[in-house]
Amino acid sequence: MSHTGQAESQVYNGLTIAGSDSSGGAGIQADIKTMTSLRVEAASVLTAVTAQNTLGVHDMAPLSARLVKAQLRAVLDDLPITAAKTGMLANAGIIEAVAAGFRPGTGVRLVVDPVMIATSGARLLDRDAEQVLINQLLPLATLVTPNLPEAAVLTGLSSTTSPDKLADRILALGCTAVLIKGGHASGDRVEDLLVTANSRRVFSHPRSRYSIHGTGCALSAAITACLARGQGLDEAVDSAIEWLQIRIARCWQPRSGQLAMLPFGLDSESKSTRR
């Protein structure tokens, strides 16, 4: 109960299911900071611990599927979560535990960021878990957000295949929508392609001259936050991309890292909070 004598403002609740990044630039830390900056209360389910920074992933250890399942049950049993995202899931057991928590009827819009390999090259998802991700989690997703290499793994096609064809193949796996991120393509502009059964939309923006840590995590978390705030899918993707471009323009360079870092702060400028 509020003791201020004023009506309480609307509270929006989102959830991130991801691994820890000790540098704070990606993973569950970046997700929480992203949602917070977009005025969404962020609950979390931790899947793995990594020792990493902008030089690379130095070590990692997954949590047990039992503990992931218990975290997820604790959150969903108590909090009014309306949108959630997955990031690093590490192995097949964890994917199965997460999928069991989001069976149809939960009413939660799920964004799946199919994190497989870190920018440094470290593998973040067991190879034998890839098919489990495709079969069990993708059909539950409101949106899947692969980059081009991830889209290639999900489809069995080359990463040089047209984004339209990659998106169509992933859509056929049972998800509601696909956002193919164009950051790994060449050119002065990055083009992200959003595809549903009835629409296609390209989001085009200038390519940054920096390689930046955690942009994929931040984008999927921002989309999740916008969905939690009640936006429709198209509007949520538009708002999240705009939010991320503001952050990319303000990125900063660690003292010895190979990648730049996104700045996080309470946002009052993007479409995502003008409601």
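This is a predicted model: local features need pLDDT of at least 70, side-chain atom pairs count only at pLDDT 80 or more; totals for chains, interfaces and linings use all residues.
1. Numbering runs from 1 along each chain as its sequence is written, and side-chain values use heavy atoms, with hydrogens and water left out.

2. The protein chain has eight helices and 11 strands (DSSP runs numbered from the N terminus: H or I of at least four residues for helices, E of at least two for strands). Its radius of gyration is 18 Å, close to the 19 Å from the globule rule for 275 residues, so the chain is as compact as a globular protein of that length (taken over C-alpha atoms; the rule is 2.2 Å times the number of residues to the power 0.38).

3. Of the 275 residues, 53% count as buried (under 20% relative accessible area, 1.4 Å probe, protein chains only). Among contacts between residues at least 6 apart in sequence, 67% join residues at least 24 apart (contact means heavy atoms within 4.5 Å).

4. Now helix 1, residues 27–37: its buried residues include Gly27, Ile28, Ala30 and Asp31. The buried residues of helix 1 pack against strand 1 (13–21), strand 2 (41–53), strand 4 (83–86), helix 7 (215–228) and helix 8 (233–249).

Note on methods. Buried means under 20% relative accessible area, exposed over 50%, partly exposed in between (1.4 Å probe, protein chains only).
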